[in-house]
Amino acid sequence: MPLLKWFNLFKLVLPLTLLTGCGFTMTKVEINEQTFVFAMYVNKGQQKDTVEVTISAPLPNRLTSGSQAGAQGGGDPYAMVTKTSSTVQDALHLIQRDLSRRFDFSHTKVVIVGKSFAEAGLEELTDWLQREPTTNLNIYLMVAPGDAKKVAELTPVFEQMPSEVLTRFADQHNMIVTNLKDCLYAESANQGYALNYLSAGLKPMVADQEKLEPWAGIQGTALFRHHKLVATLPMKESLAVSWGVNEVKGPMYTVHWSNGEKASVFVITSRSNKSVRMVSGHPVFTVKLSGTGDVIYKPKQRQFDTLHVKELIERELNDQIAGHLRKALHTSQRVGADILQLGMLVDWNYPDHWHKVRANWPDYYKNEVEIQVVTDIKIRNFGSILKMNPK
């Protein structure tokens, strides 16, 4: 009996050691035989029904401590290779055939897709990403305004490679953060999702005598329905959506009121809450944005820093943010992209109703749903001692 117990224990532990990479393994690959892909750029090919794939990978022999991309004498510390074929996998196979090392996508942090490719649909790309064994579900997805490779040409002033800059766009939570897992989860629930919508162009570099260099940034968000790009939002509305999904950190707003008065508020804390109730057989959602902020700029004009002015700034700030979110949600309903994934609230709270509308949720969200927006943003610090209004 003791021998039988040990044999059963061995049968239980052996599969676990194989899954964790311990014990016996037949797939060991030396590091110097691998190409670690840091970023991918995907476009529609010039020929019909083709896709263009570009990989960006570091060059270890050019990565030295303290060096910057494009440093004198060393060249760029990364390489980019592009191939076109009928599928993403076929294009990658063509790239692999020309490389001296094997692909490894375990360090891939970001995938940029061109606008035309996004409009045609991301199904093929997301399907490959979840099937490739070396990728992970935390890869960030973003949309380029045109050719995705143009974003790859950006000048990494503060980093070594463009892929590091793009990754930090997401890591800093200045705008919405969406990874592969979020996209797959939303699509499986018949919801929509939003990706960062990038900008690309030329900008003068102060360190290089105002020489024009490629530059990239974020200009808004791209809305997706069934993995297809259906609309874009500008920056202000995108910030409100990011707030609505609890992603944005430290946004700043400037409000104006009568006689040219204005003030800038830096939001210290921000959070959102979503709820649903059934009214006459249809869901009514409430999206509440709340937070606290500091007044960091207010020119000394005719109005003193009084409690009355503080309340006025709060009112203008709340009205502005609520207006941005209402416009963003109106756009999302117009195209049937439930980017806040409000349908999941129906699933959790009213599963019987969700069972009826789930299959047709994008159209139901577009035509039958009411969304109410509530804001509660308070001024925490006025930047000076407030003067009470004279009686």
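Is helix α8 (residues 235-244) mostly covered or mostly exposed, and how many of its ten residues are buried?

Reply: The model is a predicted one, and the description below rests on it. Helix α8, which spans residues 235-244, is mostly covered, with eight of its ten residues buried. These buried residues are Glu237, Ser238, Leu239, Ala240, Val241, Ser242, Trp243 and Gly244. After α8 comes Asn246, which has a positive phi near 60 degrees.

Helix α4 covers residues 123-131 and contains Glu124. Glu124 has a relative accessible area of 33% and is therefore partly exposed, as that class lies between 20% and 50%. Leaving aside residues up to four places away in sequence, Glu124 touches Val51, Ser86, Thr87 and Val88. Of these, Val88 is 36 residues from Glu124 along the chain, yet their C-alpha atoms are separated by 7.4 Å. A polar atom of the Glu124 side chain lies 2.5 Å from the backbone nitrogen of Val88.

Seven aromatic pairs are found in the whole structure. One of them joins Trp361 and Tyr365 in a tilted arrangement, with 6.1 Å centre to centre and 40 degrees between the planes. Because Trp361 and Tyr365 are four residues apart in helix α12 (residues 361-367), about one helical turn separates them. Trp361 has 0% relative accessibility and so counts as buried; Tyr365, also at 0%, counts as buried too. Through ring pairs, Trp354, Trp361, Tyr364 and Tyr365 are linked into a cluster.

How values were computed: Residues are numbered from 1 along each chain as its sequence is written. This is a predicted model: local features need pLDDT of at least 70, side-chain atom pairs count only at pLDDT 80 or more; totals for chains, interfaces and linings use all residues. Side-chain values use heavy atoms; hydrogens and water are left out. Buried means under 20% relative accessible area, exposed over 50%, partly exposed in between (1.4 Å probe, protein chains only). Helices (H or I, at least four residues) and strands (E, at least two) are DSSP runs, numbered from the N terminus. Contact means heavy atoms within 4.5 Å. A polar contact is a pair of N or O atoms within 3.5 Å; within protein, one must be able to donate a hydrogen and the other to accept it, and residues adjacent in sequence count only if both atoms are side-chain atoms. Rings of Phe, Tyr and Trp (its six-membered ring) pair if their centres lie within 6.5 Å; planes under 30 degrees apart count as stacked, over 60 as edge-to-face and the rest as tilted.
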